[in-house]
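Welcome, and please open the model in your viewer. We will go from one selection to the next and look at what each holds.

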Amino acid sequence: MNIKQEMELLALQTRNSLGIGLFEKVNIFELLTKVEGISLMIVEMSDKISGMYLSRKDESLIVINSKKTLGHQHFTAAHEYYHFKFDRNLSHRICPIKKFEDEYEEEYKANQFAVNFLLPKQAVEFILSRRVNNRKIELDDVIFLEQYFEVSHQLMLIRLKELGYINKNQYEEFKKNVVKRACELGYSAKLYKPTSDEGIKVYSKYLELATRLYESGRISRGKYEELLIEGGYADVVFNAPEEIEGVENEIEDADIF
Ligand SMILES: [Zn+2]
């Protein structure tokens, strides 16, 4: 079995163990935060970085660059999920995720895991066959699929080409007029846009607990900050102090997921 096949198997086993249906799309942010208890921060980072993974004691933090499109953020989240789940000795990793065929083995594995986790072969086949039914694939079908699975247009094209549903010419042709067409078809353009204008977002059981205790007057500001430090990500949070306001507001709406 080569790495690619190994990662496909691992992704399917992981989906299965989490009770994710064969054809179901994954709500990756919800999985990370609510099911796995990982702290998640979506914040503006350098353009070169897609995301990073940090682990301290029993606490893990995934940071995702909000300057990337929401679709790409979902891929980054699934990529970092691999580091969390299968790179257990890793204390931190910064992931540029520039290319799919990464030369670093762990990055390549994380990409392969992520694509199979978000877009399993059988799921793409099932959803596509119900829609296309022997006719030629059109741009509208690609848009339908990426909206269904909530991935970037680029990743959807890569996957369809890899699975043999589209050829090189279609791959190039379908790269154009995507957002305009998606809007004409009645979809939201959210998937294709960065989320940096929404401010910093933090999802963490520690932050929620600390905020509730602080607000109810049961702990001091100092104790509140101490709890954040125990969460293992205080330096990241406090290195961006001008955005702390936004963090606390965001927590108020934490159940938008
Ligand atoms: Zn990585």
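Which residues of helix H6 (residues 139-149) are buried? In this predicted model, they are Asp 141, Val 142, Ile 143, Leu 145, Glu 146, Gln 147 and Phe 149. Keep them selected and bring up their surroundings: the buried residues of H6 pack against H3, helix H4 (105-118), helix H5 (121-132), helix H7 (153-162) and helix H9 (178-184). Then step just past H6 to Glu 150, where phi is positive, at about 55 degrees.

Next, select helix H2 (residues 28-35) together with helix H3 (residues 70-86). Their axes come within 9 Å and cross at roughly 40 degrees, which makes H2 oblique to H3. To see the contact, show Ile 28, Phe 29 and Leu 32 on the H2 side, and His 74, Ala 77, Ala 78 and Tyr 81 on the H3 side. Coloured by class, this contact has six nonpolar residues, one polar and no charged ones.

Now turn to the sheet. Five strands form an open, mixed sheet, in the order S4-S2-S3-S1-S5. Strand S4 (92-95) and strand S5 (201-203) are at the edges with a single partner strand each, so one side of each has no neighbour in the sheet. From one strand to the next, the twist averages 10 degrees.

Zoom in on strand S2 (residues 51-56), which runs antiparallel to S4 and is joined to S4 by four bridges.

How values were computed:
Residues are numbered from 1 along each chain as its sequence is written. This is a predicted model: local features need pLDDT of at least 70, side-chain atom pairs count only at pLDDT 80 or more; totals for chains, interfaces and linings use all residues. Axes are lines fitted to C-alpha atoms, for helices over the stretch in contact, and angles run from 0 to 180 degrees between N-to-C directions. Helices (H or I, at least four residues) and strands (E, at least two) are DSSP runs, numbered from the N terminus. Angles under 35 degrees count as roughly parallel, over 145 as roughly antiparallel, 65 to 115 as roughly perpendicular and the rest as oblique. Two residues are in contact if their C-beta atoms, placed from the backbone, lie within 7 Å. Ala, Val, Leu, Ile, Met, Phe, Trp, Tyr, Cys and Pro count as nonpolar, Asp, Glu, Lys and Arg as charged, and the others, Gly among them, as polar. A residue is buried if 20 or more other C-beta atoms lie within 10 Å of its own, exposed if 12 or fewer, and partly exposed in between; C-beta atoms are placed from the backbone. Two strands pair if DSSP finds at least two bridges between them.
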